Amino acid sequence: SLCRYYSALKTMEQLENQYLPRVSQYRFCQIMIENLPKLREEIKEISMSDLKDFLESIRKHSDRIGETAMKQAQQQKTFSTALQKQNNVNYGRNMHLSRNRILESKNEITLKRTFEEDDEHEEEVLTAQDLVDFSPVYRCLHIYSVLGDGEIFENYYRKQRRKQARLVLQPQSSMHETVEGYRRYFSQIVGFFVVEDHILHVTQGLVTRTYTDELWNMALSKIIAVLRTHSSYCSDPDLVLELKNLIVVFADTLQGYGFPVNRLFDLLFEIRDQYNETLLKKWSGLFRDIFEADNYSPIPVANEEEYKIVISKFPFQDPELDKQSFPKKLPMSQSVPQIYIQVKEFIYASLKFSESLHRSSTEIDDMLRKSTNLLLTRTLSSCLQNLIKKPHIGLTELVQIIINTTHLEQACKYLEDFISNITNISQVTVHTARLYGLSTFKDARHAAEGEIYTKLNQKIDEFIQIADYDWTMSESDGRASGYLMDLINFLRSTFQVFTHLPGKVAQTACMSACQHLSMSLMQMLLDSELRQISMGAIQQFNLDVIQCELFASSEPVPGFQGDTLQLAFIDLRQLLDLFMVWDWSTYLADYGQATSKYLRVNPSTALTLLEKMKDSSKKNNIFAQFRKNDRDKQKLIETVVKQLRSLVNGMSQHT
């Protein structure tokens, strides 16, 4: 024990200074004088051996010491938070959130009781000295000081503890996989510094505040580097959130011992971005599932009860719809309230990280708006864009998606109010970031509109591909082709679905479809692989174009002025009239004049078609040379061809 070694040293000192000089002539005294340094060394060695055992003991126990210290810091904070929350009436503004938080408080108070029940058998709260016997340090320090080697001991102790610090700061490679891995890492570090703090306060000068601060700064840099790396491996937002809670307890514990922890809270800001990334990834999957499960039909509500359930989840108001009797349909499909709920859930999840970060309500409000903006402009936007491009999404679904995005866009202002209620930051008094969801939904709408135009054109192409004209027929069937009537019926029923769309979209889709149909029919006539066309085929083709014009004039979607839609077919109409009436003299005489009735007929188009007819008449009229009429007609065609060629050449020279 300390007393035994200390009194032995005192006795040696007395012998050396008082008694042995008096009897130094005796041989045994000489032997004793020679042995005293050896005895001192032995005492030093024994006490050093005790110190090494102590160092091994605190290395083993630092985990438990740290765990206890963190538990106490958490209890203290929980108790303060519970009191603060009971006194804070502002939380009542948002009942939903208040309920959650009161539950949290209850859980925390229950947790505190559990700790108290665990500890009620103990007289007092466990401290570092309850878990570890510090006497070997005092003893060894004392012995070395008495022997004048205090500095040697001090250097040895600090060197060994630095080595231990390096070991404690080295994380397990799999630490990021579980909360337990992080908890053990933090407990060991807290344990190490709690011991150093204790040594600082109970020994004179063995460690100094400068030394512990220096050690802590070194440790803090290492801890931050480790946490940066390990947190970046984590893809589970729940685990990142638990890590954040551990870092907060870790920081609060060490701050309680006087160590500066601001850098840890700065790191938490970085980890918050990482947490948001994992949330965005998770919500991307949730959005995809919602879109996948939607039937893209208006939500049917059979009675008041069902109606209330829907509007409790999504802010929807329509006085006109309210007047209708049940059963009725809400304009949006089921994905709309589900997406809205998930955006709110994301805001709650994002808030969980922002709490306890020692930041103001304004900063938290700003963080929530920024992360919600990312969710809307990046995650939801990308899910919507991918959805629109999916092959199974047809015209009806695209129309519903346009309607859905309109309602989600209108709901953005309610999300802004929702964030303000959570953070108690008024948008009027404080300049808050706006939600950019509006652009997300506008962009999605534009993409869906573009896809509608594309899909309509693809559908028209499918009908055109099954067109089966007999280009050599001597006369028409007297009625329009079957494929074309099917195509017009398809367009008519499609445009009926478009009545739910904003007027401009429906009109653009209709005009785009008519223009595409007109262009496709024109290409069919001018196709280079089609060598000959009879007048009968031209007449049949004319019957089909008449049906297109009738469709255009029947106002398939409302809002067109006069014959705007019919003008989509004007090029075809003038070209066919020219051939049906065989009105070449008028065409050639009026060519280039603004008043020409064939203003839209390009000479090269007329020439291409005329040459196909010339080939046809040659092949069909084998005895043409014996029939004067046909020979005259052939000559006329040759003359017109020459004149058209000179017009085409003239045009090419001008260009």
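Two residues are in contact when heavy atoms of the two lie within 4.5 Å of each other. In this predicted model, Asp-583 is in contact with Leu-578, Lys-597 and Tyr-598, leaving aside its neighbours within four places in sequence. The chain has 655 residues, of which 46% are buried, and it contains 23 helices and two strands. The points below begin with the whole chain and then turn to individual residues.

**The chain as a whole**

- The accessible surface of the chain comes to about 34200 Å². Carbon and sulfur atoms account for 51% of this surface.
- Among the contacts in the chain with a separation of 6 or more, 81% are between residues 24 or more positions apart.

- Asp-583 is found in the loop between α20 and α21, and helix α21 covers residues 584–590.
- Asp-583 counts as buried because its relative accessibility is 12%, which is under the cut-off of 20%.
- One of the contacts of Asp-583 is with Tyr-598. These two residues are 15 residues apart in sequence, and their C-alpha atoms are 9.6 Å apart in space.
- The side chain of Asp-583 is also joined to that of Thr-586 by a polar contact of 2.5 Å.

**Thr-212 in helix α8**

- Thr-212 lies in helix α8, which covers residues 209–232.
- With a relative accessible area of 1%, Thr-212 is buried.
- The side chain of Thr-212 reaches the backbone oxygen of Arg-209 at 3.0 Å.
- Not counting residues up to four places away in sequence, Thr-212 touches Phe-193, Glu-196, Leu-200, Val-207 and Phe-259.
- Phe-193 and Phe-259 also belong to a cluster linked by ring pairs, which is described under the next heading.

**Aromatic rings**

- A pair of aromatic rings is described by the distance of the centres and the angle of the planes.
- A search of the whole structure finds 26 aromatic pairs.
- Phe-463 lies in helix α16 (residues 437–465), whereas Phe-490 lies in helix α17 (residues 482–497). The pair therefore ties together parts that are 27 residues apart in sequence.
- Phe-463 and Phe-490 are both buried.
- Ring pairs link Tyr-185, Phe-186, Phe-192, Phe-193, Trp-216, Phe-250 and Phe-259 into a cluster.

**Lysines over ring faces**

- Lys-459 lies over the face of Phe-490, at 5.9 Å from the ring centre.

**Cysteines**

- A disulfide is a covalent bond between the sulfur atoms of two cysteines.
- How many disulfides does the count give? The count comes to zero, under the rule that the two sulfur atoms must lie within 2.5 Å.
- Cys-510 illustrates this rule, because its sulfur is 4.6 Å from the closest cysteine sulfur, in Cys-514, and this is too far for a bond.
- Cys-510 is buried, with a relative accessible area of 0%.
- Cys-234 also counts as buried, at 9% relative accessibility.

**Backbone features in loops**

- The peptide bond from Phe-326 to Pro-327 is cis, with omega near -10°. Pro-327 is found in the loop between helix α12 (319–323) and strand β2 (328–330).
- Tyr-296 is a residue other than glycine with a positive phi, near 55°. Its place is the loop between helix α10 (262–293) and strand β1 (299–301).
- Is Tyr-296 buried or exposed? At 7% relative accessibility, Tyr-296 counts as buried.
- Glu-555 likewise has a positive phi near 55° and is not a glycine. Glu-555 is found in the loop between helices α19 (535–553) and α20 (570–581).
- Glu-555 counts as partly exposed because its relative accessibility is 45%, which falls between the cut-offs of 20% and 50%.

Definitions and conventions. Residues numbered from 1 in each chain as written. Predicted model: local features only at pLDDT ≥ 70, side-chain atom pairs only at ≥ 80, totals over all residues. Heavy atoms only, no water. Helix = DSSP H or I, 4+ residues; strand = E, 2+ residues; numbered from the N terminus. Buried < 20%, exposed > 50% of the residue type's maximum accessible area, 1.4 Å probe, protein only. Phe/Tyr/Trp six-rings, centres within 6.5 Å; stacked < 30°, edge-to-face > 60°. Lys NZ or Arg CZ within 6 Å of the ring centre and 35° of its normal. Areas by Shrake-Rupley, 256 points an atom, 1.4 Å probe, with all protein chains shown as cover. Polar contact = N/O pair within 3.5 Å; in protein donor to acceptor, adjacent residues only side chain to side chain.
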